[in-house]
Amino acid sequence: MKTSDTLLALALQFAGLSLVAFGGANAVIPEIHRQAVDVHHWMTDREFAALFAIAQAAPGPNFLVSTLVGWKAAGLAGALTATAAMCAPSCLLTYWVAKAWDRYRETEWRAAVGGGLAPVTVGFVFSSAFVLVRAADADWRLALVTAASAGVVFFTKLNPLWCLGAAALLGVTGLL
Amino acid sequence: MTERATPAALFAAFLSIALSGFGGVLPFARRMLVDRRGWMTADDFNETLSLCQSLPGPNIVNMSIVVGSRAAGWRGSLAAFAGLVGAPVLIVIALGALYSRFGGVAQARHALLGLGAAAAGLVVATAARMAEPLLRSRPIIAAPFIAAAFVAVAALGLPLPYVLLALAPISIGAAWWWRRRQRRRT
């Protein structure tokens, strides 16, 4: 595939996802994964899991996985294209809606839209978790790490970075 | 201490939010915007957050757009967004470059295996945390849509935008019906 074709594919894919990514990139991981691994073959399942992990470990908002997918597909130009495409549509929408929003502050339909989108978004985030668990957990030890980190983050207020750090350390020492 | 929310001040504030927020920027955003800069009240913050949550895109990115726009128009939005996004994008590209250079080294590969497994766990926990209040407050209209979205995307592998287009109208209708029923009861 020519570089310009790849950039176009990245721009179209992420611009479309931008407008359905309620709650951010975590809700559209299955679709990013499907396009990057199954449709375009930019990377393997394992590489996707690694890039997602790097994005999680970096500071900043959760769309960074799209930056890395773009980078893997087409280098620096790909990273910038994917980032811009992932951000621009939703940012423009937010900009315009915010101006109109105050007018409809206490209306019924506004609450219904928010209340109706929430459970669908949660289902998508569970799907993301499913895709990532399948990509990352090659054996029972890794599955145990996933379960432990999920448990710690769900039940405690500990900074999630401790989980990532501990798991990376376990990996370096050869236990995984 | 309050400082006027000029584009430059917005850029600096959101840059510092981005760099302090590992794994969850919102607590840092609240501290910066409400407590330290005094650009919004706690109520403003919650109200703005609910707006940002009902729009697509990461909440904190939307927040930068809204806060910037209210303070200084589109220039404010642009400055706040650039502050929030610029440094993290550069950092993650540098990490990606390190990965492609050293990803083949056995120790790096094993560290990433562990990191990937733990990161997957974070998303499991995020999903559970998001589901909990919905399942507590309105289980009968939340659970079927959580389940339907999960089965359609995870088990059947359907493209997510279509699933959203199919489920959202029904789910919004259900939320509408539920609110009216709640109100009639009180």
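## Interface and cores

Chain B and chain A bury about 7,700 Å² between them, with 78% of that area on carbon and sulfur atoms. The model is predicted. The contact draws 93 residues from chain A and 83 residues from chain B.

What polar links join the chains? Between chain B and chain A there are eleven residue pairs in polar contact, both residues at pLDDT 80 or more. The salt bridge count between chain B and chain A is zero.

Six helices of chain B give two or more residues each to the side that touches chain A. They are listed here.

| Element of chain B | Residues |
|---|---|
| α1 | 7-20 |
| α3 | 42-53 |
| α4 | 59-102 |
| α5 | 106-137 |
| α6 | 139-155 |
| α7 | 160-185 |

By residue type, the side of chain B that touches chain A holds 57 nonpolar, 19 polar and seven charged residues.

Now the cores. The largest nonpolar core has 113 residues. Those touching the most other members are F14(A), F63(A), V69(A), F124(A), I17(B) and L33(B). Helix α4 of chain A, residues 64-101, gives the most to this core: 16 residues.

A second core is separate and has five residues, including V122(A), A131(B), A142(B) and I146(B).

Which residues surround I17(B), beyond its neighbours within four places in sequence? I17(B) is in contact with V25(B), F28(B), A29(B), M32(B), L33(B), I60(B) and L84(B). One of these partners, L33(B), is also among the residues that touch the most other members of the largest core.

Methods: Residues numbered from 1 in each chain as written. Chains lettered and ligands numbered in written order. Predicted model: local features only at pLDDT ≥ 70, side-chain atom pairs only at ≥ 80, totals over all residues. Heavy atoms only, no water. Core = buried A, V, L, I, M, F, W, Y, C linked by side-chain atoms within 4.5 Å. Buried < 20%, exposed > 50% of the residue type's maximum accessible area, 1.4 Å probe, protein only. Helix = DSSP H or I, 4+ residues; strand = E, 2+ residues; numbered from the N terminus. Contact = heavy atoms within 4.5 Å. Buried area = accessible area lost by both parts, 1.4 Å probe. Salt bridge = Lys/Arg side-chain N within 4 Å of Asp/Glu carboxyl O. Polar contact = N/O pair within 3.5 Å; in protein donor to acceptor, adjacent residues only side chain to side chain. Nonpolar A, V, L, I, M, F, W, Y, C, P; charged D, E, K, R; others polar.
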